[in-house]
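Hello,

Here is the structure I promised to pass on. Please open it alongside this message, and my notes will follow below.

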Amino acid sequence: PIDELLAEVERIYLSGIRHLMLVGGEHHIIKYPGPSVVKAAKEIKKHFPDMTLGAITIFTRKDEAKRIEAKLASGIDFFVSQIIFETANMK
């Protein structure tokens with residue numbers, strides 16, 4: 001739940017950490033507990049505006065550019081991409 005997430009972020013924040021990576025579920029069909037990356041980022045930025053938030057991007061995922069735009073609009077500051085050795089997908 002979002003209140004539990006914010007309590008954990010506050011604990012982390014009070015320890016001096018100001019950079020977090022938010023990672024969502026592995027598969028869109030599976031229902032995961034907790035907020036989405038977009039919802040979590042919005043809430044974290046609302047309560048901790050100086051927190052730097054990162055997320056992942058998977059360039060082979062359908063509509064990835066739209067996902068990136070939504071995450072940027074929610075307060076994500078940077079992205080990390082996993083290395084994929086399937087060069088056909090990069091084309």
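A word on handedness before we start: a crossing of two helices is called right-handed if the near helix is turned clockwise from the far one by less than a right angle. Please also keep in mind that this is a predicted model.

H1 and H2 pack at an angle of about 50 degrees, and their axes lie 10 Å apart. That angle makes H1 oblique to H2. On the H1 side, the residues in contact are Ile-2, Leu-5, Leu-6 and Val-9, which meet Ala-40, Glu-43, Ile-44 and His-47 of H2. Sorted by class, this contact holds six nonpolar residues, one polar and one charged.

Next, have a look at H2 and H3. Their axes are 8 Å apart, at an angle of about 20 degrees. H2 is therefore roughly parallel to H3, and H2 passes H3 in a right-handed crossing. Here Val-37, Val-38, Ala-41, Lys-42 and Lys-45 from H2 touch Ala-70, Lys-71 and Ser-74 from H3. The classes in this contact are four nonpolar, one polar and three charged.

Finally, the largest pocket: its volume is about 780 Å³. It is lined by 25 residues, and Val-23, Gly-24, Gly-25, Glu-26 and Val-37 are the closest to its centre. Helix H2 (37–47) and helix H3 (64–74) each give at least two residues to this lining. The lining as a whole comprises 13 nonpolar, seven polar and five charged residues.

Notes. Residues numbered from 1 in each chain as written. Predicted model: local features only at pLDDT ≥ 70, side-chain atom pairs only at ≥ 80, totals over all residues. Heavy atoms only, no water. 1 Å grid on protein atoms, 1.4 Å probe; cavity = no way out; pocket = protein on both sides within 12 Å on 5 of 7 lines; lining within 4 Å. Points joined across faces, edges and corners; volume = space filled by probe spheres on them. Helix = DSSP H or I, 4+ residues; strand = E, 2+ residues; numbered from the N terminus. Nonpolar A, V, L, I, M, F, W, Y, C, P; charged D, E, K, R; others polar. Axes fitted to C-alpha atoms, helices over the stretch in contact; angles between N-to-C directions. Parallel < 35°, antiparallel > 145°, perpendicular 65-115°, else oblique. Contact = heavy atoms within 4.5 Å.
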